[in-house]
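Hi there,

Here is the structure I promised to pass on to you. Have a look at it first, and then read my notes below.

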Amino acid sequence: MPLYLPIMLDCSGQHCVVIGGGAVAERRVLGLLEAGAVVTVISPELTAALTVLAETGRLIWLSRHYAPGDTRGAFLVYAASNDEQVNGEVAHEARVQGVPVNVVSHGEAGTFITPAVLRRGRLTVAVSASGAGPGAVTKIREQLEELLGDEYEPYLDFLYRMRGEIKRREPSSSVRRQLLRRLEGLDVLDQMRQGTFIEWSPEVIDTWIADNREE
Ligand SMILES: C[C@@]1(CC(=O)O)c2cc3[nH]c(cc4nc(cc5[nH]c(cc(n2)[C@H]1CCC(=O)O)[C@@](C)(CC(=O)O)[C@@H]5CCC(=O)O)C(CC(=O)O)=C4CCC(=O)O)c(CCC(=O)O)c3CC(=O)O
Ligand SMILES: NC(=O)C1=CN([C@@H]2O[C@H](COP(=O)(O)OP(=O)(O)OC[C@H]3O[C@@H](n4cnc5c(N)ncnc54)[C@H](O)[C@@H]3O)[C@@H](O)[C@H]2O)C=CC1
């Protein structure tokens with residue numbers, strides 16, 4: 001297996017196709033929906049959770065087997081049936097069309113693989129072992145879950161908001177850089193972990209910027 005290139009893809013509004021409706025397809029669909037994709041599932045059967053998503057209009061379900069041409073025009077394709085041969089055909093068709101494809105039954109047959117994912121609001125950590133085995137990946141993801149607690153969600157929201165304020169208010173790029181460096185050096189993350197953080201009002205932000213803007 002090669003060393004894959006990690007990237008973060010904007011899938012919002014993009015048409016993505018999943019072949020198969022089992023447990024693995026379900027994981028792929030949930031990831032796609034979280035990323036805002038428009039999902040079509042092609043499978044004669046669906047898991048209970050996928051059935052609910054189809055019934056509530058969160059995905060488009062074509063209740064049939066894969067047929068040639070199903071991957072046409074897709075942004076991403078997932079060959080997630082339990083039939084190796086079908087998955088191989090899907091992969092071949094997608095490759096010919098230049099559409100990125102993930103093959104769940106045989107990673108190397110696809111053009112990308114799916115990492116284990118940990119999310120904390122704006123934070124996304126994707127773990128790949130380049131095919132060394134799902135056990136290793138899962139264990140590393142679980143260890144990172146211990147390390148990166150829920151406090152990262154409000155912390156990154158705080159940094160995001162303050163970064164916006166600094167960029168909006170401060171015309172000098174060198175001062176901006178200094179403010180952003182100082183911002184990241186604050187003990188806000190610890191305060192959030194301990195539950196002692198008090199949301200910064202616009203006045204507090206003004207004062208902090210004024211106090212920290214000297215070069
Ligand atoms: C190559 C890759 C291709 C891809 O799917 O993209 C691939 C391939 C295969 N997985 C297989 C088996 C299992 N995989 C899992 C679980 C996960 N597998 C995932 C990713 C990947 N799996 C890609 C490499 C990622 C990397 O290394 O970077 C995760 C991270 C993401 C996800 O699937 O959501 C998720 C953990 C999520 C988490 O913990 O967060 C479980 C456990 C379970 O399902 O509960 C089992 C059953 C138990 C077992 O076999 O150990 C088989 C054998 C199938 C067979 O026997 O027929 C193949 C085929 C092959 O080896 O090529
Ligand atoms: N990459 C991964 O993380 C993992 C991969 N696997 C592999 O993924 C495959 C699928 O796993 P599960 O989802 O657990 O299997 P499953 O048996 O629960 O689901 C298979 C799905 O494929 C559908 N299907 C079968 N033939 C089809 C066709 N011709 N066209 C469209 N849909 C078709 C079935 O209706 C069913 O919905 C396994 O066979 C295994 O090889 C298994 C576990 C984890």
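Helices here are DSSP runs of H or I with at least four residues, strands are runs of E with at least two, and both are numbered from the N terminus.

The model is predicted, so local features need pLDDT of at least 70 and side-chain atom pairs count only at pLDDT 80 or more, while totals for chains, interfaces and linings use all residues. Residues are numbered from 1 along each chain as its sequence is written, and chains are lettered from A and ligands numbered from 1 in the order in which they are written.

Now for the whole protein. It has eight helices and seven strands, and its C-alpha atoms fill a box of roughly 65 × 35 × 35 Å along the principal axes. The protein is divided into domain 1 (15-114) and domain 2 (152-212), with bounds that come from an automatic or database domain assignment. The C-alpha centres of domain 1 and domain 2 are 42 Å apart.

Of the 215 residues, 20% count as buried, meaning that 20 or more other C-beta atoms, placed from the backbone, lie within 10 Å of the residue's own.

Enjoy exploring!

Methods: A residue is buried if 20 or more other C-beta atoms lie within 10 Å of its own, exposed if 12 or fewer, and partly exposed in between; C-beta atoms are placed from the backbone.
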